[in-house]
Amino acid sequence: MTDFPTSLTGGCQGCKESSALDFEFEFAYQPIVDVRDHSVFAHEALVRGVNGEGALSVLNRVDDTNRYRFDQLCRTRAISTAARLGMDEYLSINFLPNAVYRPELCIRSTLEAARAHNFPLDRLIFETVETEHICNNSHLTNILRQYRQFGFKTAIDDFGAGHSGLTLLADFQPDLIKLDMALVRNVHLDPARQAIVRGIVTMCADLGVTVIAEGIEHAGERDFLADCGIYLMQGYWFAKPAFQALAHIDAAAWQNV
């Protein structure tokens, strides 16, 4: 495991002042697969209600008074549950950029959770959602750079859905981008989407960024994207999110690939 910095003391003021949560939540885990060798590359932690209710049942209760505390608990709980499930692959955690006040201090609870559960830091991926409104783009790039310094992988989720994706990519090149599922949907039948996806793949290859395609629901989508050079994929075609469990991938998902 990567050594933990000893200079982090205290915590950020935003986290200290955040209200305690008056609701509980759990996680479901959805695999990100590598179609080249039919393996699981990572599992994305997706927030759920305590009985498996959808993410909105939880996210609708997050506001400015509890955002910091919720973001912190998401990280630590995703790690502790992944460790309990015996996850050996990467763990991908979504974070709320507007909830991170000072990344070098806010990350302390993540480091402590990883240490407590013996989860390697270099097996953590932090995803930011491109569509979330960011008041200060330089704040987000600073967060991503800090995360990289701690040994985490970084990812931009839903790439292509928001208005700032290319600007963000110009300012900071993450390890991974996840193509928005709106670009993936029926891409094998849509020449316009095909041209856009090919362009993104070429651009990311030049920048040293790995592309993940999310929202795969058909073999045709899988096969076209693989032909484009995208090998990391996620979607119902492979497995739905598994509540408090690691999903099983049916052998049929790999057929003819």
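Student: What share of the residues is buried?
Tutor: Buried residues make up 50% of the 257 residues in the protein. Buried means under 20% relative accessible area, exposed means over 50%, and partly exposed lies in between (1.4 Å probe, protein chains only). This is a predicted model, in which local features need pLDDT of at least 70 and side-chain atom pairs count only at pLDDT 80 or more, while totals for chains, interfaces and linings use all residues. Residues are numbered from 1 along each chain as its sequence is written, and side-chain values use heavy atoms, with hydrogens and water left out.

Student: Why is Asp171 called partly exposed?
Tutor: Asp171 has 40% relative accessibility, so it counts as partly exposed. Its place is in helix α7 (residues 165–171). Helices (H or I, at least four residues) and strands (E, at least two) are DSSP runs, numbered from the N terminus; the protein has 10 helices and 9 strands.

Student: Which residues does Asp171 contact, leaving aside neighbours within four places in sequence?
Tutor: They are Asn137, Thr141 and Arg145, where contact means heavy atoms within 4.5 Å. Asp171 and Ser138 are 33 residues apart in sequence, with their C-alpha atoms 8.4 Å apart in space.

Student: Why are α3 and α5 called roughly parallel?
Tutor: Helix α3 (residues 67–84) and helix α5 (residues 108–116) pack at an angle of about 15°, with axes 9 Å apart. Angles under 35 degrees count as roughly parallel, over 145 as roughly antiparallel, 65 to 115 as roughly perpendicular and the rest as oblique. α3 and α5 are therefore roughly parallel to each other. Gln72, Arg75, Thr76 and Ile79 of α3 make the contact with Ser109, Thr110, Ala113 and Ala114 of α5.

Student: What makes a set of residues a nonpolar core?
Tutor: The members are buried Ala, Val, Leu, Ile, Met, Phe, Trp, Tyr and Cys residues joined through side-chain atoms within 4.5 Å. The largest such core here has 67 residues, and Phe25, Phe70, Leu91, Phe152, Ile177 and Leu225 touch the most other members. α3 gives the most to this core, with 5 residues.

Student: What does Phe70 touch?
Tutor: Not counting residues up to four places away in sequence, Phe70 touches Leu21, Phe23, Phe25, Val47, Val58, Leu59, Val62 and Leu96.

Technical notes
Axes are lines fitted to C-alpha atoms, for helices over the stretch in contact, and angles run from 0 to 180 degrees between N-to-C directions.
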